[in-house]
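I kept the entries brief and looked up one topic at a time.

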Amino acid sequence: MKVRNPRTGQYDYELLVDTPKMVENKVGEIRVAQKAWQKCTIEERVSVLQKWLSSFTQFQGEIAELLAIDTARKRIAKVETGGIIGLMQAWSYRAPQLYNPPAERPSASATTVQIGQQWVPYGVVGVISPWNFPLLLALIDTIPALLAGCGVLLKPSEVTPRFMDGLEKSIAAVPELAAVLKLVRGGAEAGKAVVNNVDAICFTGSVPTGKKIGAACAERFIPAFLELGGKDPAIVLEDADLEVATDAILRSCVGATGQACQSLERIYVHENIHDLFVEIITQKAKAVTLTTNPEKGQMGPLIFEKQAEKIQEQIDDAVTKGATILCGGKVENIDGGLWCAPTVLTNVNHDMEVMVDETFGPLIPIMSFSTEEQALEWANDSIFGLSASVFSKDRDKAIEIASQIEAGAISINDGSLTNKVYDAEKNSFKESGINGSRMGDAGFLRFFRKKALLIQTAHPETMANFEEKNT
C-alpha cells in the first residue's frame, strides 16, 4: 500500500500488507506461546514488561521521529512516546495490586458447597487502532491485555503506519514479549482477518466501522470493546470565567488540529456572555500559528485527506444554511499538505452537519442559550456520548449540570481531560462505544473471564430426592 505524507502530500512510503493467511498464522503462533504466558505469575509478566520498557526507551527517539512523519506533529509525537512510558510504569505498579481472585468461600444458597474462583484471560486479543494518535491508541489496550496474560495481535491504521517499524524493533528485543505480541500491517482486509481469528477485540475508531466490527464479533460470540467517535459539547454558564473557558475550549477544539475523539466540537454559551465569549475566542483563534515551518508553530496539517474533505463539506453546509465564519473557514493546500486554520462559526444550529456529525478538525461552532434546560437539551441532542465540558465558577452548579449530560466523562472548567487522566473509569454513552472501560482499573480487569469452581463438601444429592411421593 502507498502511504501519504501529511506534510508534503507525497506518497513516499510503502506498507507491506499482511494477507489473511499471514494474519491467521500469526494468531496461531501467539496461541502456542500464550499458554505459557498465561501460566506466568503477574510478577513475571511485569518483569517482561519492564524489559520492554527498557527496550522501548532505547528506540523512543526513532519511534518519535517516525510518528512525527506519520502525523506531521513533532512535539505531540514526543509527548505520545513519553505517555507510553508512563502507561507501562503505571500498569506495572497497578496490575499486581488488582490481580486478586477471591478466596474460596461457602455458598450462601447451597450450604455444603464451597466456591472457588479463577480469572482466565482471553487467549488472543485483537487491537485495531486509528490514525490520529497511532502509538498511544495502539498500546493503551495492548499493555494491560498483556499483563492480564493475553496474547495480543495489533493492527494499527494503514494511514499512519511508519511508527510500527520502530515499535517492532523494541518488541523484537524482548523475545518473551515478541512471542505473544505481533503486529499486523494492512487495511480493511487485514482488519477483518484479525476480527475473524482472535478471542476478543479492542477497537478505537469511527462509529460506522465500529458497528461492523461489533456485528462481526457478535456473529462469533466474542466480546468487542469499542471506543468510537464523539461530538463533545461544552456548556459555558453565565458565571463562567471567560479567560479560563476560552483558553480551554480553544485548546480542546484545535489542539492536535482537532483530530481527537475527545475534542470539543460544539459550544453552547449563555446569551448574556455570548458576544464577549465569541470576541475573545476569535481573537485567540486568530493568534494560533500553523507549523508550515515544521520547526515552529502550534497546529499542524490535517493527517487524512478524506477527513479534510469532510471538514470542508461541513463548513460549506453551515455557510449555505446561514452560518457566519469569523476566522479560518477553508481547507487549503500548502506545499502539498492540507491545512485548516482554527475556524470560529456563529449563527449555527442543529440543522447543520457541523453541529451533529463528528468533525475531527479545528472547527469551533458556537450557539447561545437562554436557559440551562435549553443548553442540556441541545447538549444531549446527539447520537454520541463520549465526553463533554461544563464551565462555571460555581463548582456545585457545574457538577449539577454535568450530572445531566449523557456522556461518559465530563471535564469541569477544562476540556478533553480524558487525554490526561487515565485512572478514572468511564463508559461511553449511546453510539460512542460499548463494553468495559479502558480507563481505570477496568482497563485491566476486563480482559479476564471468571470461572467458578463449585466444590461439594457433603454427599451429593441422589435421585431419591426426586421421588414424587415425597412431594
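**Ground rules.** I am working with a predicted model, in which local features need pLDDT of at least 70 and side-chain atom pairs count only at pLDDT 80 or more, while totals for chains, interfaces and linings use all residues. Residues are numbered from 1 along each chain as its sequence is written, and side-chain values use heavy atoms, with hydrogens and water left out.

**Helix 3 and helix 4.** I looked up helix 3 (residues 74-98) and helix 4 (residues 136-148), whose axes come within 10 Å and cross at roughly 20°. That makes helix 3 roughly parallel to helix 4, a word kept for angles under 35 degrees. Helices here are DSSP runs of H or I with at least four residues, strands are E runs of at least two, and both are numbered from the N terminus. Axes are lines fitted to C-alpha atoms, for helices over the stretch in contact, and angles run from 0 to 180 degrees between N-to-C directions. By class I noted 11 nonpolar residues, one polar and one charged.

**Helix 2 and helix 4.** Helix 2 (residues 42-71) packs on helix 4 at an angle of about 140°, with the axes 8 Å apart. From helix 2, Ile42, Arg45, Val46, Leu49 and Trp52 meet Leu139, Ile143, Leu146, Leu147 and Ala148 of helix 4. I recorded nine nonpolar residues, no polar ones and one charged in this contact.

**Cavities.** How many cavities of 30 Å³ or more are there? I found four, a cavity being a set of points on a 1 Å grid over the protein atoms alone where a 1.4 Å probe fits but cannot get out. The largest cavity has a volume of about 110 Å³, and of the 17 residues that line it (an atom within 4 Å of a point), the closest to its centre are Leu226, Glu227, Asn435, Gly436 and Arg438. Its lining divides into five nonpolar, seven polar and five charged residues. The second largest cavity holds about 60 Å³ of space, and Pro233, Arg266, Phe384, Gly385 and Glu406 are the closest to its centre among 16 lining residues.

Conventions
Angles under 35 degrees count as roughly parallel, over 145 as roughly antiparallel, 65 to 115 as roughly perpendicular and the rest as oblique. Ala, Val, Leu, Ile, Met, Phe, Trp, Tyr, Cys and Pro count as nonpolar, Asp, Glu, Lys and Arg as charged, and the others, Gly among them, as polar. On a 1 Å grid over the protein atoms alone, a cavity is a set of points where a 1.4 Å probe fits but cannot get out, and a pocket is an open set with protein on both sides within 12 Å along at least five of seven lines; lining residues have an atom within 4 Å of a point. Grid points are joined across faces, edges and corners, and a volume is the space filled by probe spheres set on the points. Contact means heavy atoms within 4.5 Å.
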